[in-house]
Amino acid sequence: MVCTFIAVTGISLALPGMSVAQQSNAPAGSPAATRAIDGLQLPAPAMPFGGKIDRNALQSKPFWQPRIAPPEGAPNVLLIITDDVGFGAPSTFGGVIPTPALDRIAQMGLRYTNMHSTALCSPTRAALITGRNHHSAGFGVIAEQATGYPGYDSVITKDKATIGTILKDNGYATSWFGKNHNTPSYTISMAGPFDQWPTGMGFDYFYGFNGGDTSQWTPGNLFRNTTQIYPFETQKGYNLITAMADEAIGYMQQLNTIAPQQPWLVYYAPGGTHAPHHPTKEWVDKISAMHLFDDGWNKLRDTIYANQKRLGVIPQNAELTPWPSDLLKNWDQLSADEKKMFIRQADVYGAYLAYTDHEIGRVIQAVEDMGKLDNTLIIYISGDNGSSAEGTLVGTPNEVAQFNGVDVSVADQLKYFYDIWGTEYTYNHMAVGWTWAFDTPFKWTKQIAGYFGGTKQGMAIAWPKVIADKGGLRTQFAHVIDIAPTILEAAGIREPSVVDGIAQSLMEGTSLVYTFNAANKDEPSHHRTQYFEMMGEFGLYHEGWMATTKVKRPAWVTFGNVDSDPANNAVWELYDINNDWTQTNDLAAKNPEKLKELQGLFWQEAQRYNVLPLDASVATRVVTPRPSATAGRTEFEFPGKMTGISNGVAPTILNSSYTFIADVTVPEGGGDGMIITQGGRFAGYGFYINKGKPTFDWNLLGLKNVVWEAPDALSAGKHTLVFDFKYDGLGFGTLAFNSVSGLGQSGTGIMTVDGKVAAAQKIEHTLATILAWDENMDIGSDTGTPVNDKVYHVPFAFTGTIDSLKLVVDRPQLSDADKAKLEAEMKKAAD
């Protein structure tokens, strides 16, 4: 096999095709022997037996299969990606929030100012670990919004092996810490299947949470490998941001002790700074004392913009995009109460980013303390999309409320949540004004695919042994699909042709290794064309030009009717990015031929990468039926005790009539505890016995609890408890007619005890789309957080026996008259 090399800052790096392994110099066939592989077929076939077999062992010679080792000099890889961080938030890219760990990587390596995401979490992460576009990898949207189309089904198919699989099969130890948003939500259960979990996608070890976000104080969706764990129940002051740093450091130290010569990949993906913003009090006090946000978001933008010019992370001729006064208030238009609340929100957010970066710094320092820093390729991507606008125009103490179409007023925030903002008693997010400011100098935010406020990410790469241009800037256009090819080229590992017997599609990204050499700092980008699309917003970059569709749905509007024809209703804009870094001057009218060229190219790319069909829906897509273990079922029987049933596989009772029937045996002295619950402190329900009294409790987004409680305590012995709810709305069927009118309507609940009515009341509004997504369905006890903090503490295990537990769900069916009316309304809206 022919070896090829490239000189990078005076050091020869073996590239794909190299055959020199990190050899142990042990004799072939000995337990310590290693071998190189060409990497085209993974896993590599076993070598022929090289020993001798006679009739007995004394006359025979053993032969162990040599351990596969990466090429000589292959670096360790620390791949870091944070969450929902705008380009202008960290100090490294002009922000006011201190991020010394990111600063450190930039100072001992390179700072990339033209790196892009997909504008949303799961899609960016799928692209990152596969080297393919997000629709190619099945993640056109987040996992919880998956629909039955190849570009949107949340399945990374077997012809797209992840960077974990490729490095693992080439002799790396691989691990994943933090957020996993790339497992289909309908497979997150103890029943699996586990092939789309991190441990099934090439990562030997996983410690993190499954889903889009979680409480950092009480992460109810936390796993070690495939086992759900609840360390916060016994560890005082537990916070996942610190805990996962401890786990990663411990893992690396153990690996360094057992196999110090084995290279590793650590994929490090903390939940910060996705909502909920959960820093420790120490960090909130520290950032609050700095008064970074007291002058408001307009002046904050000016400060960040000036810093960016001073640091050179934007061109000197880059314009600051105008403040969107038609959408957002200027700071001087706010009341004193609004300013007070919003400053609190920003202080907690700033503390969360600083805290997250600090813990990342601990991980980096651990690498240095082990003597591994010199030959570790560290890639630190600041955010998987732009800053998030999902906190509403005024912020929210509970992100789950926003996705159910409910806003919480500033007055109520101040009265009930100001002092506990950021603690375990909030699932908090900030007002959009801060979001826009943290995306300085660009316009728009997370979710918006055509504008850099949604897609531009600061990135720093360091490899002390190789990159000599310390503190250098790189402005080449890049995208997250470029990271996997970069890692492979740096490691001298070939992109495989076959993995597990399945032919592989080619990676769609372009390696950035060429930028490591200072001589190439001004070389034109090797990544010439890139499409963008997210929930009906789309655009295309091509050789310095950007065509994008004008935003029709602000990113903070996630609930409601949608554009039913985003492909044909688009209004396009055109920008010369080489001379207009911030997409300020629309040239569509002046250069229609260039726009037409890019429009045509977009549709070619859309066809090529599974972008079609376009879909502009957001929150309502969460309720799409998916092939879970409970799909299509209306009757369920549960055992007397079971915990940890995730929302992705638990039966939903939202927008439906339903009946719970529980046969229980109450012990002498009275019964107490949970029968069945789903969700928790921030949205959910519980059917339980409290001080002997049967109770059904609906937690409406942490804002109100509606409770049905029997007047009398149960006597010892057997009882039948029934909660029957009749829903008044038309249900999910209205979504097929682009109408949310069937969701969140009223209903009447009746609880009976041994056939007699014990409690009855009507509830005027129900939850429309989703319960607390980081909580579970539990039977016999409660994991995570309680649905009613005033009544009980977890685990609230039932002291009696659940002899039988059934759930019958009666989902509304649209009549012909309903369909005709909805059809007419949809046509009228379209006209």
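Contact, in these legends, means heavy atoms within 4.5 Å. The model is predicted, so to speak of local features we need pLDDT of at least 70, and side-chain atom pairs count only at pLDDT 80 or more, whereas totals for chains, interfaces and linings use all residues. Residues are numbered from 1 along each chain as its sequence is written, and side-chain values use heavy atoms, with hydrogens and water left out.

**View 1. Leu78 and its surroundings.** Beyond its neighbours within four places in sequence, Leu78 is in contact with residues including Trp264, Tyr268, Val363 and Leu377.

**View 2. The largest nonpolar core.** A nonpolar core is a set of buried Ala, Val, Leu, Ile, Met, Phe, Trp, Tyr and Cys residues joined through side-chain atoms within 4.5 Å; buried means under 20% relative accessible area (1.4 Å probe, protein chains only). The largest one here has 126 residues, and Leu78, Tyr207, Tyr268 and Trp434 have the most contacts inside it. Helix α7 (residues 336–369) gives the most to this core, 16 residues; helices are DSSP runs of H or I with at least four residues, and strands are runs of E with at least two, numbered from the N terminus.

**View 3. A four-stranded open sheet.** Its strands follow the order β19-β20-β21-β22, with antiparallel pairing; two strands pair if DSSP finds at least two bridges between them. Because β19 (529–534) and β22 (572–576) each have a single partner strand, one side of each is left without a neighbour in the sheet.

**View 4. Where β19 meets β20.** Six bridges join β19 to β20 (residues 537–542) in the antiparallel sense. Look for Tyr531, whose bridge partner in β20 is Leu540.

Key: Buried < 20%, exposed > 50% of the residue type's maximum accessible area, 1.4 Å probe, protein only.
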